[in-house]
Amino acid sequence: MPAFGHTPGNVYLVVESAGQRALFAGDMLHHGVQLERPEWSIRYCVLPDDSADQRRLLLERAADSGDLLVPTHFPFPAAGYVHRAERGFTYTFIEV
C-alpha cells in the first residue's frame with residue numbers, strides 16, 4: 001500500500017493468509033511514542049505532514065480491522081494489535 005511522506009515510493013505491505021491479515025509497517029513507525037503521537041515524524045521523513053497523515057491512517061486501519069501490525073523498528077517481538085485510546089493509540093504485543 002502507498003505510504004507517502006517518509007521517503008519517495010515508501011509503502012507498507014498487507015499480507016493475507018487463511019482469512020487473517022498482517023500489516024508490515026516498514027518505515028511508517030519508528031518509535032512507540034508515535035502510537036500516542038502519530039503526528040510526530042522523525043527527521044528522515046521528507047514530507048513530515050504527509051508521513052503523519054499516512055501513519056494515522058495505518059493505525060486507524062489496524063485498530064478498526066483488528067489486523068496484526070508488524071512495525072519494523074519496534075523491539076522484538078514487534079508484532080501486535082493496535083487499539084484506539086483517549087490520545088492516539090495503544091499497542092498490545094503478541095506472545096511468541
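## A hairpin with a positive phi

Ala18 takes a positive phi near 50 degrees in the hairpin of strand 1 and strand 2, with two residues between the strands. Strands here are DSSP runs of E, at least two residues, numbered from the N terminus. Keep in mind that this is a predicted model, where local features need pLDDT of at least 70, side-chain atom pairs count only at pLDDT 80 or more, and totals for chains, interfaces and linings use all residues. Residues are numbered from 1 along each chain as its sequence is written, and side-chain values use heavy atoms, with hydrogens and water left out.

Strand 1 covers residues 13-17 and strand 2 residues 20-24, and they pair in the antiparallel sense over five bridges (pairing takes at least two DSSP bridges between the strands). Leu13, for one, has Phe24 of strand 2 as its bridge partner.

## Thr7, ahead of strand 1

Thr7 sits in the segment before strand 1. With a relative accessible area of 30%, Thr7 counts as partly exposed (between buried, under 20%, and exposed, over 50%, using a 1.4 Å probe and protein chains only).

Leaving aside residues up to four places away in sequence, Thr7 touches Tyr44 and Val46 (a contact means heavy atoms within 4.5 Å). Thr7 and Met28 are 21 residues apart in sequence, and their C-alpha atoms are 9.8 Å apart in space.

## What lines the cavity

Met28 turns up again in the lining of the largest cavity, along with Ala3, Phe4, His6, Asn10, Asp27, Ser51, Gln54 and Arg55.

Methods
Helix = DSSP H or I, 4+ residues; strand = E, 2+ residues; numbered from the N terminus. 1 Å grid on protein atoms, 1.4 Å probe; cavity = no way out; pocket = protein on both sides within 12 Å on 5 of 7 lines; lining within 4 Å.
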